[in-house]
Amino acid sequence: MPGMHFKRRMFRSQPRSNIVACVLLCSRRNLKTEAEPRALVAVKKATQSVQVYTTALKCVENDDLKEEWEKYLEQTKNHVTIVKDVLQAMGLDPDEESPGRQVVRHIVESLVQAMEMALKSGEEGTAELVAAESVVLAETKDHLNWHLIGEAAKKSSGEVAKLLSAAHEKVEDEEDEHLYHTTGWARELWIKSLGIPAVLPPPEEVKKVETAIGAARAQQARAQML
Ligand SMILES: [Fe+2]
């Protein structure tokens, strides 16, 4: 079967980071690949981050953080559209179920349940802390997914590179902000809950951090910002 030979050859010769490109190339030849469920997991993750933000917004108490998460929710909805468009261009069905998507759903539903449990406790600040941690966990995975898409784009060529680069370009800066700023919020809200002076809004927010190095510098500078 020529298609199967093509598939084996392609996956033997490609680094793991090029897996999204493999999906695209394979799908252009109407092949089913083992990489396809992984791409679907990425879209499911983006879709379910919307659910994380929607629940987190029920938990938030700080007005600045509320405004921040409302913005991130809208951006995340747009990321879902971007990823779905890429999958459709790859000839894949963004709504297709797979075992990987079930795992993602389980993780995200656990985060949502954790926030709802904290809300039920009725303790001031508790649900907001759990929400900040849940957003950091969800955004850590989103950040990794987009990093991998960026790596795949760099190793691709032609239409594949264009599609992946365009998607990555549109989303990368926003994903950086989601992760680094919310990590700062989670840290400072926890410090405040311990009765220690906190920097709110966090340094990452004030200094408009968009890189890992910037986040590290912002964290170092917090003592001078108290
Ligand atoms: Fe995000």
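**Setting up.** The model is predicted, so local features need pLDDT of at least 70 and side-chain atom pairs count only at pLDDT 80 or more, whereas totals for chains, interfaces and linings use all residues. Residue numbers start from 1 along each chain as its sequence is written.

**Whole chain.** Colour by secondary structure: the chain has nine helices and zero strands, giving the pattern α-α-α-α-α-α-α-α-α along the sequence. Helices (H or I, at least four residues) and strands (E, at least two) are DSSP runs, numbered from the N terminus. Of the 226 residues, 40% count as buried. A residue is buried if 20 or more other C-beta atoms lie within 10 Å of its own, exposed if 12 or fewer, and partly exposed in between, with C-beta atoms placed from the backbone. Two residues are in contact if their C-beta atoms, likewise placed from the backbone, lie within 7 Å. Among contacts between residues at least 6 apart in sequence, 66% join residues at least 24 apart.

**Select residues 63–89.** This is helix α4, whose 27 residues should span 39 Å at 1.5 Å a residue; the end C-alpha atoms are 40 Å apart, which agrees. The expected span is 1.5 Å times one less than the number of residues. Show side chains for L65, E68, W69, Y72, T76, H79, V83, V86 and L87, the buried residues of α4. Just after α4, G91 takes a positive phi of about 80°.

**Select residues 99–121 and 126–154.** Two packed helices are described by the angle between their axes and the distance between the axes. The axes of α5 (residues 99–121) and α6 come within 8 Å and cross at roughly 170°. Axes are lines fitted to C-alpha atoms, for helices over the stretch in contact, and angles run from 0 to 180 degrees between N-to-C directions. The two helices are therefore roughly antiparallel to each other, a label for angles over 145 degrees, with under 35 counting as roughly parallel, 65 to 115 as roughly perpendicular and the rest as oblique. On the α5 side, V108, L111, A114, M115, A118, L119 and S121 meet T126, A127, V130, A131, S134, L137 and A138 of α6. By class, this contact has 11 nonpolar, three polar and no charged residues. Ala, Val, Leu, Ile, Met, Phe, Trp, Tyr, Cys and Pro count as nonpolar, Asp, Glu, Lys and Arg as charged, and the others, Gly among them, as polar.

The axes of α6 (residues 126–154) and α7 (residues 158–193) come within 8 Å and cross at roughly 155°, which makes α6 roughly antiparallel to α7. The contact of α6 with α7 has 17 nonpolar, nine polar and six charged residues. A161 is partly exposed, with 16 other C-beta atoms within 10 Å. Leaving aside neighbours within four places in sequence, A161 is in contact with A153 and S156. The C-alpha atoms of A161 and G150, 11 residues apart along the chain, are separated by 9.5 Å.

**Finish in the loops.** Most residues other than glycine have a negative phi, and most peptide bonds are trans. Select L200 and P201: a cis peptide bond joins them, with omega about -5°. P201 lies in the loop between α7 and α8 (203–206). Then select K208, in the loop between α8 and α9 (212–221). K208 has a positive phi of about 50° although it is not a glycine, and K208 is exposed, with 11 other C-beta atoms within 10 Å.
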